[in-house]
Amino acid sequence: MKVPFVDLYAQYQNIKSEIDNAIASVIRDTAFIGGKYVEQFEKNYAEKYGFKYFLGVANGTDAIFIVLKALGIGQGDEVITVCNTWISTAETISLTGATPVFVDIEPDYYNINPDLIEEKITERTKAIIPVHLYGQPANIEKIVEIARRHNLYVIEDCAQAHFATFNDKFVGTFGDVATFSFYPGKNLGAYGDAGGIGTNDEDLYLQMKMFARHGALKKHHHLIEGVNSRLDGMQAAILNVKLKYIQQWNEKRYKNAMLYNELLKDIREITTPKVRPNAFHIFHVYEVRAQQRDELMDFLKQNDIAVAIHYPKILPLQPAYARLNHKPEDFPVGLAYQSQILSLPMYPELTEEQIRYVVQKIKEFYGYNS
Ligand SMILES: *Cc1c(COP(=O)(O)O)cnc(C)c1O
């Protein structure tokens, strides 16, 4: 049996006519840039998520950069973020001229450890960027509380966590502003690059919109220099269709994760993911910790099971951050986990049969009789 890591074609087949119609409409209306499909998606996403304002942008990396620029963060400033995340979260901080300040992760939930944030705050600190990694909500109430006490912005990186909840509230609605990626493989994915930013702050929204539109809110009236970062009409139309299904797809991922957890629970070489109390984890990634991880990974690949690692090397130890002179022992949990973590196949259309096959092969590897 073949088990892909994700299967975007399976999802397309379930909604093919709606997607095909959406694409045809964009072409018929030649609404390629801006226009009604982008406006509809921005409105629908804002309403469904509970944001007053939502701005479509070109991708999830731009989203973070645009937020930081709009908040006036730059040279001489520091922004606190987490050591285990996709590089977008940190490189955009550097790109503004500011310095990323990395914090280790929590042992149970793989997100920024709030207990280690305050010791990293200096008079240069301007913001904290928690990431809701793997679709698991970070300890966001505590992070916001710390930020409020120190007068810092909270930018929630929700690229992996669309519609995940903590205490019955969507992640992204706790801080000042939230960024999203609609990269095809994300839980809510376009058919190309796409991203967005949600906030309730009108001034910030207008500042972001201006920066993302060449510094102009009115055509040919450039108040500042900006960038060109647009969500295009085709992606918006596709996302409008998929937005109707995202919550049911998240539920399916959650069910799949619970089945994995149940079937893997007696394998002592594997640590299955825990869900934070009062959280709805949307399992963008189903991450386990495994003994003999690299050998297990090879064995699964030989058996047609696609796996991945998120992420093989924590950011502070990547060559890109050599200038910050971090030592491995500065991030003991992130460091220990980077050689243990393994992402198993996870997507809504994954079947019970496929999950059982993955688990059977894991048992086989460790010499369990199944
Ligand atoms: C995917 C991702 C991004 C960047 O999104 P793109 O759309 O690929 O630019 C940012 N942060 C995290 C945590 C991500 O997973």
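**The interface between domain 1 and domain 2**

Domain 1 and domain 2 bury about 3,700 Å² between them, and carbon and sulfur atoms give 58% of this area. Buried area is the accessible area (1.4 Å probe) that two parts lose on being put together, summed over both. Tyr110, Tyr134 and Asn187 supply 21% of the area that domain 1 buries against domain 2, more than any other three residues.

The model is predicted; local features need pLDDT of at least 70, side-chain atom pairs count only at pLDDT 80 or more, and totals for chains, interfaces and linings use all residues. Residues are numbered from 1 along each chain as its sequence is written, and side-chain values use heavy atoms, with hydrogens and water left out.

The domain assignment places residues 8-243 in domain 1 and residues 246-366 in domain 2. Such bounds come from an automatic or database domain assignment. The C-alpha centres of the two domains lie 24 Å apart. Domain 1 brings 49 residues to the contact and domain 2 brings 35, where contact means heavy atoms within 4.5 Å.

Polar contacts across the interface link 26 residue pairs, both residues at pLDDT 80 or more. A polar contact is a pair of N or O atoms within 3.5 Å; within protein, one must be able to donate a hydrogen and the other to accept it, and residues adjacent in sequence count only if both atoms are side-chain atoms. On the side of domain 1 that touches domain 2, the elements giving two or more residues are α1 (8-14), α5 (88-95), β3 (99-103), β6 (165-166) and α8 (233-243). β3 gives the most, with four residues. Helices (H or I, at least four residues) and strands (E, at least two) are DSSP runs, numbered from the N terminus.

Two salt bridges are counted between the domains. A salt bridge is a side-chain nitrogen of Lys or Arg within 4 Å of a carboxyl oxygen of Asp or Glu. By this rule the count comes to 16 salt bridges. The side chains of Asp108 and Lys274 meet in one, at 3.3 Å, N to O. Asp108 lies in the loop between β3 and β4 (125-129) and Lys274 in the loop between β12 and β13 (279-280), so the pair ties together parts that are 166 residues apart in sequence.

Strand β12 also belongs to an open, antiparallel sheet of three strands, in the order β12-β14-β15. β12 (270-271) and β15 (341-344) stand at the edges with a single partner strand each, so one side of each is left without a neighbour in the sheet. Pairing requires at least two DSSP bridges between two strands. β12 and β14 (residues 286-290) pair over two bridges. Thr271 stands opposite Arg289 in β14.
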